[in-house]
Amino acid sequence: MVNFAYLFERFPSFGQTFCYREVAELGRQDVTPPIFSIRNPKNEPLQDWDPRIVERVHYLPEEKELLEDVRRASKKRTLAPEILAALDQWGRRTDFLRLHQAVYVGLRLQEMGIPHVHAHFAGMAARTGFWINSFFPITFSFTAHANDIFAPRNFEIGLDKLVGAARTIVTETDFAARFLRERFPSCADRIRRVYNGLNLAEFERAGFSSTPPLIVAIGRMIAKKGFADLICACGLLGQRGTSYRCEIIGEGPLEQELRDQVHELNLQSRVTFSGAQPQHEIRRRLAAANVFVLPSIVDPEGGSDNLPTVIMEAMATGLPVVSTNIGGIPEMVVDNETGFLVQPGDAVALADRIEKVINDRSLASKLAEAGYRRAQELFSSEKNARELCALLLRGTR
């Protein structure tokens, strides 16, 4: 019997492939917890999700149907007086749907005899888990990722209350675990680091045969990804007479601004935008590349990357990585061993390191092989999913 359930804000989502991979790996280990998703992903790029996983997802109803479901439960007297009092007292205050979603999910977890629920991100799903724990004898935990802890939004049930109430707080880097332990020292013993994982067998190895050398970058077109610095670095490479082409894969609100920057620097023949791509296509593009670049920065609101999955994917492909020394990135990329790290915002240093890699195939191969070994050691989905599962099952038997 599976003694925990998953609760996601949206699942599966192309921007959160690490969640999907975690669920898929647990399935390979014959662990198939129920999956609840608050929202049904819509208008997302097509992905090659396993239909057997998608069919397991229980999508919560929209607001009108949700409120009616809770009203029916109230009339049937299946809700404790304390729950009804909390719903009444909260009323229509901000985030009131989280309480009703907690009732909806909590009743179904009780029917299934499941005593624990795990959410991803210290956001909507974790706040719903908080209320499930408040209303029912069901514990909750969550995996914290990046902006949800480095630049959390202001909700009445904030990060402090989530950390204080959760049975276990998982995060994906030692950097983030230290950050949380320093901020919440009384909860330090409940904060655990579990790296995200990959099935390395899915990735083709890079051959470094692209002519001219291909720079690949992947991510959302948002400030913290630092793509403006990459475009500046591409301009510098062009001024130096370096032969290259650069492909940026992804979509987001800054896409037009970045396209304008490419036009201003007259880089249209060198820098291309490919939009969001399914996972099999991302694996193919990585294998065709000579170097992977992610010039992450800390954005004006304090948001930053923590453990970017795309770096992990590049390492699994056997690519050297050029990135920046923020968040948990140095736990992935060891400077001058598996790639290069520069200060965020330093386009000159970024161009220097990219040039060094694409002009020296022997160096690129050496860095790439060390990166692949590090990915095997740290980011095996089999090992990391088993570690997470043991944490989630602790105390539920």
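Is E382 buried, partly exposed or exposed? At 43% relative accessibility, E382 counts as partly exposed, where buried stands for under 20% relative accessible area, exposed for over 50%, and partly exposed for what lies in between (1.4 Å probe, protein chains only). The structure is a predicted model, in which local features need pLDDT of at least 70 and side-chain atom pairs count only at pLDDT 80 or more, while totals for chains, interfaces and linings use all residues. Residues are numbered from 1 along each chain as its sequence is written, and side-chain values use heavy atoms, with hydrogens and water left out.

E382 has a partner, too: it forms a salt bridge with R386, with 3.3 Å between the closest N and O atoms. A salt bridge here is a side-chain nitrogen of Lys or Arg within 4 Å of a carboxyl oxygen of Asp or Glu. Both residues sit in helix 17 (residues 381-393), and because they are 4 residues apart there, about one helical turn separates them. Helices (H or I, at least four residues) and strands (E, at least two) are DSSP runs, numbered from the N terminus. R386 is partly exposed as well, with a relative accessible area of 44%. Elsewhere, salt bridges that share partners tie E68, D69, R71, R72 and R108 into one network.

A search of the whole structure turns up 25 salt bridges. One of them links E25 to R28, with the closest N and O atoms 3.0 Å apart. These two are 3 residues apart in helix 1 (residues 17-28), so about one helical turn lies between them. Another salt bridge joins the side chains of R259 and E255, at 3.0 Å from N to O. Here the spacing in helix 11 (residues 255-264) is 4 residues, which means about one helical turn. R259 is partly exposed, with a relative accessible area of 34%.

Seen by strand order, 7 strands line up as 3-2-1-4-5-6-7 in an open sheet with parallel pairing; two strands pair if DSSP finds at least two bridges between them. Strand 3 (57-59) and strand 7 (191-193) stand at the edges with a single partner strand each, so one side of each has no neighbour in the sheet. From one strand to the next, the twist averages 25 degrees; axes are lines fitted to C-alpha atoms, for helices over the stretch in contact, and angles run from 0 to 180 degrees between N-to-C directions. Within this sheet, strand 1 (residues 5-10) and strand 4 (residues 116-120) pair in the parallel sense over 3 bridges, and Y6 has H118 in strand 4 as its bridge partner. Helix 6 (residues 124-135) packs on the sheet, where it touches strand 1, strand 2 (35-39), strand 4 and strand 5 (139-144), and its direction makes about 135 degrees with that of strand 1. Contact means heavy atoms within 4.5 Å. Helix 9 (residues 174-183) also packs on the sheet, touching strand 5, strand 6 (168-171) and strand 7, with about 170 degrees between its direction and that of strand 7.

A further open sheet has 6 strands in the order 10-9-8-11-12-13, again with parallel pairing. Its edge strands are strand 10 (271-275) and strand 13 (339-342), each of which pairs on one side only. The twist in this case averages 20 degrees from one strand to the next. Strand 11 (residues 291-294) sends V291 and V293 one way and F292 and L294 the other, and all are buried. On one hand, strand 11 runs parallel to strand 8 (residues 214-218), joined by 2 bridges, with I215 opposite V291. On the other, 3 bridges join strand 11 to strand 12 (residues 321-324), also in parallel, and the bridge partner of F292 there is V321. The chain gets from strand 11 to strand 12 through helix 13, in a right-handed β-α-β crossover; right-handed means that, with the strands pointing away from the viewer, the path from the first strand over the helix to the second runs clockwise.

T309 lies in helix 13 (residues 309-317) and is buried, at 11% relative accessible area. Leaving aside neighbours within four places in sequence, T309 is in contact with T17, F18, R21 and N196. L286 belongs to helix 12 (residues 279-287) and is buried at 0% relative accessibility. Not counting residues up to four places away in sequence, L286 touches A206, V216, I218, F292, E313, A314, T317 and L319.
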